[in-house]
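Trainee: I would like to learn how to read a model of two chains, one feature at a time. Could you take me through it slowly?

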Amino acid sequence: MIQLALYFGFFAVSVALLLNLWRLAVGPKLMNRILAVDTMVINAIALIVLFGIQYRTTMYFESALLLAMFGFISTVAYCRFVLRGDIIE
Amino acid sequence: MLFLLELLISLLIVLGGFFVLVGSIGLIKLGDLMPRLHAPTKATTLGLGGMLIGSMLFFLGVEGKLSIHEVLISLFLFITAPVSAHFMAKAWLHLNAKHRPKLPPTGSNRGWSTYDASHAPEPGWPTSDDPDRPAQ
């Protein structure tokens, strides 16, 4: 039963990633693309967590944690670049 | 008992996948950036939280080992998602400053915080030649 739920989860997250990719491609402006990349990072974390359940190992969670931190930092750095024209003043 | 646990884990995973999908459909369907910001930052984070709780229950109940990583991931995401959403909204407001004249007056001597804070100083605010103000 967990396997069936995992199949549904893989399907849902993959479709969500494709929809995010669509938003990243069509834009229409810079901020929409930043939002799409931020959502893609969160969906990739969800995919990594599901992989960890599938292969019954906790080894993937370090990468999920790293991806969460770097996703947040990259979003903040990009928004700060848009706001100020510089990241570290 | 194990059946109930597996049912709970499966339910959490399915609900998480559903909410992640809802967030991304909202990212496609909603019209402008400001309404569009709601879907990924709320629904997707909620779905990921459900998946992480399901994963923690799985490793605790089925595999028999306690894993704390999920708590760290969900804590970090739940702290950072509002911050990044707020940052994106603020950057969008500054990129679209044409909305500023349509706003009503605030009714106090403070202006609209995002638009007016960086331009005109408020009355009574220490100016740059004020001796009490520390040098920048």
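Trainee: How many residues of chain A are in contact with chain B, and how many residues of chain B take part?

Mentor: Keep in mind throughout that this is a predicted model. In it, 46 residues of chain A are in contact with 48 residues of chain B.

Trainee: And how is the size of such an interface expressed?

Mentor: The size of an interface is often given as the accessible area lost when the parts come together. Here chain A and chain B bury about 4,200 Å² between them, and 83% of that area is on carbon and sulfur atoms. On the side of chain A, Met1(A), Ile2(A) and Leu35(A) supply 14% of the area buried against chain B, which is more than any other three residues give. The count of salt bridges between chain A and chain B is 0.

Trainee: What does chain B consist of, in terms of helices and strands?

Mentor: Chain B has 5 helices and 0 strands, and from the N terminus on its elements run α-α-α-α-α. Of the 136 residues in chain B, 34% are buried, while the accessible surface of the chain comes to about 8,200 Å², with 70% of it belonging to carbon and sulfur atoms.

Trainee: Let me try single residues. Is Leu21(B) buried or exposed?

Mentor: The general idea is to compare the relative accessibility with a cut-off, and buried means under 20%. Leu21(B), which is found in helix H1 of chain B, counts as buried because its relative accessibility is 16%. If residues up to four places away in sequence are not counted, Leu21(B) touches Ala12(A), Val15(A) and Ala16(A).

Trainee: Is Leu11(B) buried or exposed?

Mentor: Leu11(B) also lies in helix H1 of chain B, but at 52% relative accessibility Leu11(B) counts as exposed, because the cut-off for that word is over 50%. Leu11(B) is one of the residues that make a nonpolar surface patch of about 600 Å², together with Phe8(A), Phe11(A), Val14(B), Leu15(B), Phe18(B) and Val22(B). The elements that give two or more residues to this patch are helix H1 (2–26) of chain A and helix H1 (2–29) of chain B, and H1(B) gives the most, with 5 residues.

Trainee: How do I check the length of a helix?

Mentor: One compares the span expected from the number of residues with the distance between the end C-alpha atoms. Helix H2 (residues 30–54) of chain A has 25 residues, which at 1.5 Å a residue should span 36 Å, and its end C-alpha atoms are 36 Å apart, so the two values agree. With 18 of its 25 residues buried, H2(A) is largely enclosed by the rest of the structure. Just after H2(A), Arg56(A) takes a positive phi of about 55 degrees.

Definitions and conventions:
Residues numbered from 1 in each chain as written. Chains lettered and ligands numbered in written order. Predicted model: local features only at pLDDT ≥ 70, side-chain atom pairs only at ≥ 80, totals over all residues. Heavy atoms only, no water. Patch = residues over 30% accessible without salt bridge, like charges linked within 9 Å, V, L, I, M, F, W, Y side chains within 5 Å. Areas by Shrake-Rupley, 256 points an atom, 1.4 Å probe, with all protein chains shown as cover. Salt bridge = Lys/Arg side-chain N within 4 Å of Asp/Glu carboxyl O. Helix = DSSP H or I, 4+ residues; strand = E, 2+ residues; numbered from the N terminus. Buried < 20%, exposed > 50% of the residue type's maximum accessible area, 1.4 Å probe, protein only. Expected span 1.5 Å × (residues − 1). Contact = heavy atoms within 4.5 Å. Buried area = accessible area lost by both parts, 1.4 Å probe.
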